[in-house]
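Follow this explanation with the sequence and the model side by side. It begins with an annotated site and then turns to a sheet and the helices on it.

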Amino acid sequence: MLLSLNWLREFVPYEGTAQELGNRLTMLGFELEDIITPYNNIQSIIVGKVVHCEKHPEADKLSICTIDIGQETLLHVLCGAPNVATGQKVPVATIGTTMPDGTIIKKIKLRGIESFGMICSEKELEFTDDHSGILVLPEELTVGTSLVNALNLDTEILKISITPNRGDCLSILGLAREISTAFGLPLFPQQPIHFLEVEPDFSKNWSVHVSSKKVCSSYLLRLVENISVQKSPLHIRHRLHSMGIRPISNVVDITNYILLELGQPLHAFDKDLIEGNTTYISLAKEEEILCTLDGKNHTLTPSDLIIYDDTKPIALAGIMGCQNSKVTEATKNILIESAVFNPSIIRKTARRLGISTESSYRFERGVDSSGAMYALNKAIKMIIDTSGGEVKIGNAHYEPTPYKQPIIQLDTSNIQKVTGTSIPSNFCINTLTQLGFEIDTSNCNIWDITIPSWRKDIQHSVDLIEELLRFYGLNTIPEELPCIYKSLNDIGLPESQYQFITKVKHWACGIGLNETENYSFIGNNELDLLKFSNNTRLIIYNPLTEEQNVLRTSLIPSLLNNVKYNVAHGNTGLRLFEVANTYTFEAISETTAKEVLKLGIVMHGDLFDTGWPQPSTSASYLDLLGIVEHFITFLHLPPLTTSQTDTYAFLNPGVDLFIHGKKIGYIGCISQHIAKNCHTHKEIWITELDLETLAHLYKNIKITFKPLPIYPSSYRDMTLIITSNTSISNIKSYMDLIDIPILENIFLLDIFRPNNIEQHCTFRFVFRSAKKTLKDSEIDLAYKKITEILSNQCNIRFNVLLE
């Protein structure tokens, strides 16, 4: 948001410097990014008067001008502009002046006549692109004064960063409210608007139809006839230029002027190009084509909001008008629109089509519902003052539910609890009142506060406390640990995502993993190396660097970069983890992005710090699988099942992980050619788990307690001889299905592979009764039943080891 210091002073009598103002706004939450001096390069241009003008005797297109610049001697200047004439006040660049384009004015001689300066056009001053003639200045300007001072140009512009929730501050008026409160200055009241209205009543001859109040809560339309579209007055053109907006015509410039001053986007239609006498606002048809003012065709979807006449679309609502209804020099009658559109719809359309305008930027953040009519009338007043015309009585409007200001109760006793400091009641009342809030203090410590229509960000009482603290000063809060109020009623409530993430990180650090944090941006080449799909990628339009031009669809590339970086610095024993979101393309999402919370773990090199007495042992599949299983146990979830897969081109081998048949992630060893890219010949074991799926399973787990066993357990070991290609997990799955009341637990004890054909797997079966001490005969009977079940279900041989 650009804030002109001169323009601000039309609302608030601020007399300080731009830097002081920027510092105060920064402390209020509006960061000062820069102070711009748009007319610094024409400070040496002065106001002159043409006291005599005659044609050059040897050049038909040149005039010899004698210029008074307020000095003892007159200047002789050659000028080729067709509109130069005696008696004009003009901008003059004297010898030695450096023009905005870098040209230095020198004494020249043309056809025998010397010239000692230059009379400037608007293009040469970089006001506009108009170079059809010189800029003729108002007669009341004083000769010899600086052009910048004479025209009262905006010499200092503050570039302010406005947070997305403060759409009310995207205007001079909005920031003026903040500044008047911050400095204790009066806010000049807005003057009532008066102009002559003529018959017939426009509201009786025109109607507005809106498909749903959800897409547009308010729509106003007024008619002005017999206008003259021409250049805007100098002060309007120069002010728009200083704010970075190109002047076009008086009608268009005034709608932009009101947008900047009051924050209400307006749009003008050429009425004579509109078919019928009805305006329709509704969602677009599938694959409808619309040509906007910039000459581009856009294919629409049913999520885009369009304004129609009886036969065609005439505007992309809240974003940009159409070519078929734009105001031109030939326009005589105009319809001016002031509306309140659904911010979500405007935001989705603007992002999908890649269009960002001053209007859409404000509609996306919400505009003042109650200020739409005032902004419309002020624009009409300025238009008829600059271009003539007649305003028809009445307006065509749509507002099914008039805006009702919300009321929020503020318990003043909570102010100190929330802020940690005591804020005087008088300060609270004065601050909120000056910001536009209405306060009813009749109910002792419980205040009823009416929220102004422009403050869409105030939803709860804590928002009001934040307002008070902003102006009281964050630096006034004493440096002490605040009390934490925790209600017993919160015990047993579901964990928030933040609490779940914190629990995961504490677990990971507790078992010896080191946390890493990475950018969400990576390069396409990194995803290509791992052969991730192109269809799910989200490309960044303005990347920080070409190496960070896409949002990561997986944590794996970032973790591999961590390995590469550490290996390069001699740190080869790595146990790293990261908890972060990944991003994939999803067309039905509001942002076209699907975010999934993931946990990534990577292990590389020695398991232990090198040196005696630890053995030199490299990380393996079982080490990483053990960590994952520990995590699953930590979350009180059922045991993992695994299935080898070749889905992941970057893993060899790769294994999918499941809980009750639901995939929760994968684990595997990075392929050798990719590992070489990390400058290592050792194995890199990596896993990526879907934390959102795990969090859902975790929330549905009901933890129950049972008495500790009072009777001893007994166990039997069983060695199964199976072929080398038989899945041990499948054998374990069969065992878990065995229903024997006294069978308490089964776990794999050892694996022995005498050759490449078979493997010997030893399982331990634990038996216990909750009612008595088991006899050997009871255990033997159960053990025999287990062998029978396994013999029938699996192709195995037995080598039995008794206790």
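The model is predicted, so local features need pLDDT of at least 70 and side-chain atom pairs count only at pLDDT 80 or more, while totals for chains, interfaces and linings use all residues. Residues are numbered from 1 along each chain as its sequence is written, and side-chain values use heavy atoms, with hydrogens and water left out.

An unreviewed UniProt entry places a "binding site" at Asp 457, Asp 463, Glu 466 and Glu 467; such annotations may be inferred rather than shown by experiment. Asp 463 is in helix H13, residues 461-472 (helices, H or I, are DSSP runs of at least four residues, and strands, E, of at least two, numbered from the N terminus). Asp 463 is buried at 15%, whereas Glu 466 is partly exposed at 47%. Leaving aside residues up to four places away in sequence, Asp 463 touches Asp 457 and Ile 458 (heavy atoms within 4.5 Å).

Further along is an open, mixed sheet of seven strands, ordered E27-E31-E32-E36-E35-E34-E33; strands pair if DSSP finds at least two bridges between them. E27 (514-515) and E33 (641-645) each have a single partner strand, so one side of each is left without a neighbour in the sheet. Strands E31 (residues 574-585) and E32 (residues 593-604) run antiparallel, joined by twelve bridges. Val 579 has Leu 599 in E32 as its bridge partner. Helix H14 (residues 497-510) packs on the sheet, touching E27, E31 and E32.

Notes
Buried means under 20% relative accessible area, exposed over 50%, partly exposed in between (1.4 Å probe, protein chains only). Axes are lines fitted to C-alpha atoms, for helices over the stretch in contact, and angles run from 0 to 180 degrees between N-to-C directions.
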